[in-house]
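Thanks, everyone. Let's look at the model together, starting with its charged pairs and then moving to the sheet.

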Amino acid sequence: LEIFHRAAAHQKTSDNLGVIPDPIVGDVINFIDSARPITSVLGPRPLPAATWHRPLVTQGTSIAVQGSAGAAADEKAELVSQKMTITRLNANAVSYGGYVNVSRQDIDFSSPQIMDTIINDLAARYAIQTETAVGTALDASTATPVVHGATAATIRSALWSAASTIYTATRGIGRLVLALAPDKLATFGPLFAPIVGVAASGEGLSAGDFSSGLVGTISGIPVYMSAGLASTKVFLFSTSAMEVYEQRVGTLQAVEPSVLGVQVAYAGYFTPLLIVNNGIIELTAT
């Protein structure tokens, strides 16, 4: 009984923190989407200089039946004649970048390695900003938007109507792409579930394809979700209606011996170029 009632000393982890390990498991968790679906679809072109120009035909030559120029139709009647006019679109390199000043101690003693984490984050932020620039350029089109209702039928009708306008502007050059802001998945997704039926419009949209990028098709048009688009924005466009130019500078580093520091930067030049307004049509809900 004396042993049973004896007061025992209770040992807890708080009493011996010196021998309790503090493990760091796995890579750093960073919720950031660095995908550039619209930029990838358009295909970045090499950036040629600080300023460059793209020639654009605004009036072509003409062909017609002999004699339609005003004279009577005959072997020696005057042919129609029309000159070709070519204007040029102007583009300028736009610089994007950011930097962080990291202490040498942080670099030497961090695990996972802090420098790699910072560089990866800078590169991801660069991707976000450049994809947003493409979304802003799409929104700069002055083409008349096409309105759709809250049903699959009205959306299909709007897509075909917009496709008609785009063909008139581009003569079928390029590929049609539908780009959605993330919040528009709630509108389009349930209406075009990937279920084969009488009213099927393609393979449909899949909620399982949660990340940015291709999420399915509607009426044969590939549908891409991009976080670079502003809220509620939906665009049907031809890949010939816009071009993107890019030259990545990448990572730059400079050592600061006086303060035991390292400055690390990430940068690049990126420019979207709108070719033809009516090749980009916004779809707006009633």
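Lys233 and Glu282 meet through their side chains in a salt bridge, 3.1 Å from N to O. By salt bridge I mean a side-chain nitrogen of Lys or Arg within 4 Å of a carboxyl oxygen of Asp or Glu. This pair links distant parts of the chain, 49 residues apart: Lys233 sits in the loop between strand E9 (221-225) and E10, Glu282 in strand E13. Helices (H or I, at least four residues) and strands (E, at least two) are DSSP runs, numbered from the N terminus.

A word on the source. This is a predicted model: local features need pLDDT of at least 70, side-chain atom pairs count only at pLDDT 80 or more, and totals for chains, interfaces and linings use all residues. Residues are numbered from 1 along each chain as its sequence is written, and side-chain values use heavy atoms, leaving out hydrogens and water.

Back to the charges. The whole structure holds 8 salt bridges. One joins Asp121 to Arg125, with the closest N and O atoms 3.3 Å apart. Both lie in helix H3 (residues 114-139), 4 residues apart, about one turn of the helix. Another joins Arg248 and Glu246 at 3.5 Å, N to O. Arg36, Glu246 and Arg248 form a linked network of salt bridges.

Now the sheet. It is open, with 7 strands in the order E5-E13-E10-E6-E9-E8-E7 and mixed pairing. E5 (146-148) and E7 (204-205) stand at the edges with a single partner strand each, so one side of each has no neighbour in the sheet. E5 and E13 (residues 280-285) pair in parallel over 3 bridges; pairing takes at least two DSSP bridges between strands. Val147 has Thr284 as its bridge partner in E13.
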